[in-house]
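Please open the structure in your viewer and keep the sequence panel beside it. The tour below goes from selection to selection.

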Amino acid sequence: MEKRVCPWWMGYVLLNPLRKLMESPRKLLGPYVETGMTVVEPGSGMGFFTLPLAEMVGLSGRVVAVDVQAKMLAGLERRAAKAGVAQVVETQLSDGRSMGLDDLAGAVDFIPAIHMVHEVPDGRAFFEEAHGLLKPGGGLLFIEPKGHVPPEAFADSLARAREAGFSVTEQEGCRALLVKNAL
């Protein structure tokens, strides 16, 4: 599996408004996100999904955006301030091995892992960390880009997620909803 990180300048390309026609954040995430939730978004980039997530969780919620590139997070912070959601969005610079969110263990409602798992150096470690962050019953929406990640690689990642303790409750192509089983 490829372990290459998207260059920071691609963050501007990924913000293209036309992308919403193919991948509407509200349509994609709306069924899983409610007001007041705590959401951790790994690989947030400059916030294509982050800003809509912040609007969905509202002022009583929290979105923690994690990325390995400071320039991506700086762009996201500027965009969040301009959109009026800076008080809901927190940024966390990752060292690439961990999200660095031990203080949120067992406190997260939802994690959208969109187009990023193929970039992490250790998929199993990623899923184990995500599992530890989620509340019992919490969900992780796992999506990889079609045509970029082969079906075999997606299946391998799903196997790593199951090993970490997730149940797969929905799956279609390179998209799956993973749930941390309730105690």
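What follows is a series of stops, each with something to select and a note on what is there.

**Whole chain**

Begin with the whole chain in cartoon view, bearing in mind that this is a predicted model. The chain holds 7 helices and 7 strands. Followed along the sequence, these elements come in the order α-α-α-β-α-β-α-β-β-α-β-α-β-β. Colour by accessibility next: of the 183 residues in the chain, 49% are buried. If you draw the contacts between residues at least 6 apart in sequence, 74% of them join residues at least 24 apart.

**Helix α4 and alanine 54**

Select residues 50-57, which form helix α4, and pick out alanine 54 within that helix. Is alanine 54 buried or exposed? Its relative accessible area is 2%, so alanine 54 counts as buried. Now show what surrounds this residue. Apart from neighbours within four places in sequence, alanine 54 is in contact with Val63, Val85, Val88 and Val89. For a distance to check in the viewer, take the C-alpha atoms of alanine 54 and valine 33: they are separated by 10.0 Å, and the two residues are 21 apart along the chain.

Move to histidine 115, in the loop that runs between β4 (108-114) and α6. Its phi is near 55°, a positive value in a residue that is not glycine. Histidine 115 is partly exposed, its relative accessible area being 21%.

**Helix α6 and glutamate 129**

Select residues 123-133, helix α6, and find glutamate 129 there.

Look instead at the backbone. The side chain of glutamate 129 reaches the backbone nitrogen of methionine 99, at a distance of 2.8 Å. To see the surroundings, select Arg97, Ser98, Met99, Gly100 and Leu101: glutamate 129 is in contact with these residues, leaving aside its neighbours within four places in sequence.

**Helix α7 and its buried face**

Next select residues 151-163, which make up helix α7. At 1.5 Å a residue, its 13 residues should span 18 Å, and the end C-alpha atoms are 18 Å apart, so the two values agree. Within α7, highlight the buried residues Ala153, Phe154, Ser157, Leu158 and Ala161. Turn the view to look down the axis of α7: the buried residues fall within an arc of 145°, so they line one face of the helix. An α-helix has 3.6 residues a turn, so residues three or four places apart point the same way.

What do the buried residues of α7 pack against? Show α6, β5 (134-143), β6 (166-172) and β7 (175-180), the elements they pack against. Beyond the helix, stop at glycine 165, which follows α7 and has a positive phi, near 110°.

The chain has a count of 8 salt bridges. One of them links arginine 124 and glutamate 163, with the closest N and O atoms 3.1 Å apart. This pair connects distant parts of the chain, since arginine 124 belongs to helix α6 and glutamate 163 to helix α7, 39 residues apart. Arginine 124 is partly exposed at 36% relative accessible area, and glutamate 163 is partly exposed at 38%.

Now select aspartate 156 and arginine 160, whose salt bridge has its closest N and O atoms 2.4 Å apart. Both residues lie in α7, 4 residues apart, about one turn of the helix. Aspartate 156 is partly exposed, with a relative accessible area of 36%; arginine 160 is partly exposed too, with 23%.

Arginine 160 also meets glutamate 163 in a salt bridge, at 2.7 Å from N to O. To finish, select Arg124, Glu128, Asp156, Arg160 and Glu163 together: salt bridges that share partners join these residues into one network.

Notes: Residues numbered from 1 in each chain as written. Predicted model: local features only at pLDDT ≥ 70, side-chain atom pairs only at ≥ 80, totals over all residues. Heavy atoms only, no water. Helix = DSSP H or I, 4+ residues; strand = E, 2+ residues; numbered from the N terminus. Polar contact = N/O pair within 3.5 Å; in protein donor to acceptor, adjacent residues only side chain to side chain. Contact = heavy atoms within 4.5 Å. Buried < 20%, exposed > 50% of the residue type's maximum accessible area, 1.4 Å probe, protein only. Expected span 1.5 Å × (residues − 1). Arc of directions from axis to C-beta. Salt bridge = Lys/Arg side-chain N within 4 Å of Asp/Glu carboxyl O.
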